[in-house]
Amino acid sequence: MAHNVSKVGISPNPIRLRNASHNAKIVRSPHVQQAFLVVSDMVTLIVSFTVAISYLQLTAPHRLMGVEGRATGIIGILWIITLWLTGTYSVQQLRAGATEYKRAINATIVAGGITGIMCYLLNYGYPRVFFGTWMLVGAAFLCLTRLARRRIMHQLHMRGLFISRVIIVGEIRHIEELVTVLRRETWIGYQVGGAITDDLSRSNVSGVPVLGSLADLSSVVRSQDIQAVVLAEGSFQSSSEFRRFAWQLEQSHIDIILAPTLTDISAERLECRPVAGLPLLHVGRPTGLRSLSGLKRAVDIAGSALLLL
């Protein structure tokens, strides 16, 4: 009897597990993430407004009242709308890369330009010193809050929180390379939940279970609780097969990630240039040798100068 009681005591509560799974799906929802980003930017703009108005009070005491106060609210709303329209809240850019920062800065420039044009057309004199200060402080704060949020998320990912489960599709050797990279770089927040390959002679790849063949890709993806599909080399035989697969996932929130056969290459050396409908990935030359040669040249010049003295 004691043995049966202990079994019941350690068995998980199915209702609690369902609730936890439901809550995790809500947190990972793109709409929830975008709503959090919008609220975060609203708070950031309010803080930057407070800093700018404080600076204005120190340099040229002035109060924003009446029409100026309403104009400030309109500028703030225009700023948020511009951030949205420029793709700043795209969840695909949140994990890494400089795109998120560039879009925030570009949106600030566009919002400032639209505001200046509207003030000119309406012959309205908004305080220029305050406006310029607010734009500069706001752009800096938008980038800093994104950097802080990204650092926090990286730390949470390394602790196993807010992880996105992915399935890797392709040939065995390419799946093994991607599994190695994703296991090493845990800060990215991707957990490999399975692999799909036509080589069914193995039940797992680097400890990752093989869930089926390429013919079963669509059904496996729908049956698994995943957030992204990583397509490695050998995942599709033609572009038409890839398009059909993408159409099947059109109504879902599952991201499609294309992983070329390039690993452990600096992001600064990679640039995607669409040419005639082909997404060509250009790889820049290594700069390590050039940097070392420049350093050696500087040391030689400094040493020669010391000897001449």
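The model is a predicted one.

In soluble globular proteins, nonpolar side chains tend to be buried together. The largest nonpolar core in this model has 24 residues, and Trp79, Leu83, Tyr126, Phe130 and Trp134 are the members that touch the most others. Helix 3 (30-59), helix 4, helix 5 and helix 6 (128-158) each give this core at least two residues, and helix 3 provides the largest share, with six residues. The surroundings of Leu83 may be examined individually. When neighbours within four places in sequence are left aside, Leu83 is in contact with Asp41, Thr88, Tyr89, Ala104, Ala107 and Leu142. Apart from this core lies another, of 17 residues, which include Ile172, Leu178, Ala228 and Ala232.

Helix 3 also holds Ser48. This serine counts as buried because its relative accessibility is 0%, where the limit for a buried residue is under 20%. Beyond its neighbours within four places in sequence, Ser48 is in contact with Trp134, Val137, Gly138 and Phe141. Trp134 is itself among the residues of the largest nonpolar core that touch the most other members.

Attention now turns to the strands. In a regular strand the side chains alternate between the two faces of the sheet. In strand 5 (residues 228-231), Ala228 and Val230 point one way, while Val229 and Leu231 point the other way; all are buried. Ala228 is also one of the residues of the core of 17. Strand 5 pairs in the parallel sense with strand 1 (residues 164-169) over four bridges, and also in the parallel sense with strand 6 (residues 255-258), again over four bridges. Val230 illustrates both pairings: Ile168 stands opposite Val230, and in strand 6 the bridge partner of Val230 is Ile257.

The loop between strand 5 and helix 9 (239-248) contains Phe236. Phe236 is classed as partly exposed because its relative accessible area is 22%, a value that falls between the limits of 20% for buried and 50% for exposed. Not counting residues up to four places away in sequence, Phe236 touches Leu217, Leu231, Glu241, Phe242 and Phe245. The C-alpha atoms of Phe236 and Leu214 are separated by 8.1 Å, although the two residues are 22 residues apart along the chain.

The second largest pocket comes next. Its space amounts to about 260 Å³. Helix 4 (67-85) and helix 5 (99-121) are the elements that give two or more residues to its lining, and helix 4 contributes the largest share, six residues. The lining comprises 13 residues, with Ala71, Ile74, Met118, Cys119 and Leu122 lying nearest the centre of the pocket. By class, the lining residues divide into eleven nonpolar, one polar and one charged.

Asn123, in the loop between helix 5 and helix 6, has a phi near 55°, a positive value in a residue other than glycine. Asn123 counts as exposed because its relative accessibility is 70%. Ser206, in the loop between strand 3 (204-205) and strand 4 (208-212), likewise has a positive phi, near 55°, and is a residue other than glycine. Ser206 is partly exposed because its relative accessible area is 29%.

Key. Residues numbered from 1 in each chain as written. Predicted model: local features only at pLDDT ≥ 70, side-chain atom pairs only at ≥ 80, totals over all residues. Heavy atoms only, no water. 1 Å grid on protein atoms, 1.4 Å probe; cavity = no way out; pocket = protein on both sides within 12 Å on 5 of 7 lines; lining within 4 Å. Points joined across faces, edges and corners; volume = space filled by probe spheres on them. Nonpolar A, V, L, I, M, F, W, Y, C, P; charged D, E, K, R; others polar. Core = buried A, V, L, I, M, F, W, Y, C linked by side-chain atoms within 4.5 Å. Buried < 20%, exposed > 50% of the residue type's maximum accessible area, 1.4 Å probe, protein only. Contact = heavy atoms within 4.5 Å. Pairing = 2+ DSSP bridges.
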